[in-house]
Amino acid sequence: MQPDGPEIRRRRELRGYGLRTFALAAEISHTHLSRIEREIKGAQPEVMARIARVLGCGIRDIERDRTEPNDERDEDRLALHDHEGTRRRAADDA
């Protein structure tokens, strides 16, 4: 499950929570929350559920859209091979 870190941070700050206070309310460590918000680390479904509960939203509201890659590793996974075995990006098909 890939959280939308910037969206989580935006919603947290809109509700007036600091990092540590929010992490305490969501029952996770503030370092884990920080890594989630910076999209360094993913989150288990139960962690996403706790974050969503404190934010007062659904999990889908804070989940990253899987069709939009966020880094080179995702772009690598989306790379395609043509019939000659050479790599090309999915965007090249359009």
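Guide: Glu7 and Arg10 sit three residues apart in helix α1, so about one helical turn separates them. The model is predicted, and every value here is computed from it. Glu7 and Arg10 form a salt bridge, with 2.7 Å between the closest N and O atoms. Side chains of opposite charge can pair when their charged atoms come close. The cut-off for a salt bridge is 4 Å from nitrogen to carboxyl oxygen.

Glu7 has a relative accessibility of 15%, so it counts as buried. The limit for buried is under 20%. Arg10 has a relative accessible area of 41% and is therefore partly exposed.

Arg11 is buried, because its relative accessible area is 16%.

Next comes the pair Glu13 and Arg9. Their side chains meet in a salt bridge at 2.9 Å, N to O. Glu13 and Arg9 are four residues apart in helix α1, so they too are separated by about one helical turn. Glu13 is partly exposed, at 43% relative accessibility. Arg9 is partly exposed as well, with a relative accessible area of 43%. Shared partners join Glu7, Arg10 and Arg11 into one network of salt bridges.

Now the end of the helix. Helix α1 covers residues 5–14, and Leu14 belongs to it. Leu14 is a leucine with a relative accessible area of 61%, so it counts as exposed; the threshold for exposed is over 50%. Leu14 and Leu55 are 41 residues apart along the chain, yet their C-alpha atoms are separated by 9.6 Å.

Move on to the next helices. α2 and α3 pack with their axes 8 Å apart, at an angle of about 105°. That angle makes α2 roughly perpendicular to α3, because the range for that class is 65 to 115 degrees. On the α2 side, the contact involves Leu19, Arg20, Phe22 and Ala23. They meet His30, Leu33, Ser34 and Glu37 of α3. By type, the residues of this contact divide into four nonpolar, two polar and two charged.

The loops deserve a look at their backbone. Glu27 lies in the loop between α2 (19–26) and α3 (30–37). Its phi is near 60°, a positive value in a residue other than glycine. Glu27 is exposed, because its relative accessible area is 58%.

Glu39 lies in the loop between α3 and α4 (45–55). Glu39 is not a glycine either, and its phi is positive, at about 60°. Glu39 has 26% relative accessibility, so it counts as partly exposed.

Back to the starting point. Glu7 and Arg11 are buried, whereas Arg10 is partly exposed.

How values were computed:
Residues are numbered from 1 along each chain as its sequence is written. This is a predicted model: local features need pLDDT of at least 70, side-chain atom pairs count only at pLDDT 80 or more; totals for chains, interfaces and linings use all residues. Side-chain values use heavy atoms; hydrogens and water are left out. Helices (H or I, at least four residues) and strands (E, at least two) are DSSP runs, numbered from the N terminus. Buried means under 20% relative accessible area, exposed over 50%, partly exposed in between (1.4 Å probe, protein chains only). Axes are lines fitted to C-alpha atoms, for helices over the stretch in contact, and angles run from 0 to 180 degrees between N-to-C directions. Angles under 35 degrees count as roughly parallel, over 145 as roughly antiparallel, 65 to 115 as roughly perpendicular and the rest as oblique. Contact means heavy atoms within 4.5 Å. Ala, Val, Leu, Ile, Met, Phe, Trp, Tyr, Cys and Pro count as nonpolar, Asp, Glu, Lys and Arg as charged, and the others, Gly among them, as polar.
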